[in-house]
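Here is a walk through a protein model, taken one piece at a time.

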Amino acid sequence: MIMDKFVRSMLKIFHIELSKKHEDLFIQIFKFAIVGGIATVIDFVFLYIFREFCHFPILVSNTLSFCISVIYNYIASVKWVFDVNKEKDAKKQFIIFIVFSVIGLLLNDLIMWISVDFLSIYYLLAKIIATSIVMIFNFVTRKMFLE
């Protein structure tokens, strides 16, 4: 609620008028960006730790860090971002979330593999590219299947 009020007041300050539906979507995207930003920090920190300190291969490091960030992302998304349909089976929603997270992971790993191994892009820069693309995929699929 505090975040909703904050965003609505910012829209007023900048004289941006939106319909209730678009205002709610804007707030949701803002919350998704905050949760995603925190998940991204978690992902990058663990990627760096696994790669630089544990000396795991890049794809192993990426997969582990991605999985850790997905756990946080699921909890935060369900509790704060998406208006989860309470009439739907919670187990089924979790399974759907995991399925799309695995698809996101595969997409993330594919982008990392191509970027690092074929395009010789530094792994942390490749991670920024991969995260940006998967973030869009995550919002769309979670919006469609969690609500």
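Is I27 buried or exposed? I27 is buried, because its relative accessible area is 3%, and buried here means under 20% relative accessible area, with exposed meaning over 50% and partly exposed in between (1.4 Å probe, protein chains only). You'll find I27 in helix 2. Leaving aside neighbours within four places in sequence, I27 is in contact with D4, V7 and R8, where contact means heavy atoms within 4.5 Å. For a sense of scale, I27 and F66 sit 39 residues apart in sequence and 25 Å apart in space, C-alpha to C-alpha.

A quick word on what you're looking at. This is a predicted model, in which local features need pLDDT of at least 70 and side-chain atom pairs count only at pLDDT 80 or more, while totals for chains, interfaces and linings use all residues. Residues are numbered from 1 along each chain as its sequence is written, and side-chain values use heavy atoms, with hydrogens and water left out.

Now zoom out. The protein has 5 helices and 0 strands, so from the N terminus on its elements read α-α-α-α-α, with helices (H or I, at least four residues) and strands (E, at least two) taken as DSSP runs and numbered from the N terminus. Along its principal axes, the C-alpha trace spans about 50 × 40 × 25 Å. Of the 147 residues in the protein, 36% are buried. Take the contacts with a separation of 6 or more: 67% of them are between residues 24 or more positions apart.

Back to helix 2, residues 20–53. Its 34 residues should span 50 Å at 1.5 Å a residue, and the end C-alpha atoms are 49 Å apart, which agrees; the expected span is 1.5 Å times one less than the number of residues. The buried residues of helix 2 include F32, V35, A39, F44 and L47, but also E23, K31 and D43. The buried residues of this helix pack against helix 1 (2–13), helix 3 (58–81) and helix 5 (123–146).

Follow the chain out of helix 2 and you come to H55, in the loop between helix 2 and helix 3. Most residues other than glycine have a negative phi. H55 has a phi near 60°, a positive value in a residue other than glycine. At 62% relative accessibility, H55 counts as exposed. Further along there is another residue to check, S120, in the loop between helix 4 and helix 5. The phi of S120 is near 55°, again a positive value in a residue other than glycine, and S120 counts as exposed at 63% relative accessibility.

How do the helices pack? Two packed helices are described by the angle between their axes and the distance between the axes. Helix 3 and helix 4 (residues 90–118) pack at an angle of about 150°, with their axes 10 Å apart; axes are lines fitted to C-alpha atoms, for helices over the stretch in contact, and angles run from 0 to 180 degrees between N-to-C directions. The two helices are therefore roughly antiparallel, given that angles under 35 degrees count as roughly parallel, over 145 as roughly antiparallel, 65 to 115 as roughly perpendicular and the rest as oblique. Helix 3 passes helix 4 in a right-handed crossing. Among the residues that meet there are F66, C67 and V70 in helix 3 and F97, M112 and W113 in helix 4. The residues of this contact divide into 12 nonpolar, 6 polar and 1 charged, with Ala, Val, Leu, Ile, Met, Phe, Trp, Tyr, Cys and Pro counted as nonpolar, Asp, Glu, Lys and Arg as charged, and the others, Gly among them, as polar.

Then look at helix 3 against helix 5, where the axes come within 13 Å and cross at roughly 35°. I58, N62, S65, F66, N73 and S77 in helix 3 meet Y123, K127, V134 and R142 in helix 5. That contact divides into 4 nonpolar, 4 polar and 2 charged residues.

N73 counts as buried, at 9% relative accessibility. Not counting residues up to four places away in sequence, N73 touches V35, A39, F97 and R142. On the helix 5 side, R142 is itself buried, along with residues including Y123, K127 and V134, and the buried residues of helix 5 pack against helix 2, helix 3 and helix 4.

How values were computed
A crossing is left-handed if the near helix is turned anticlockwise from the far one by less than a right angle, and right-handed if clockwise.
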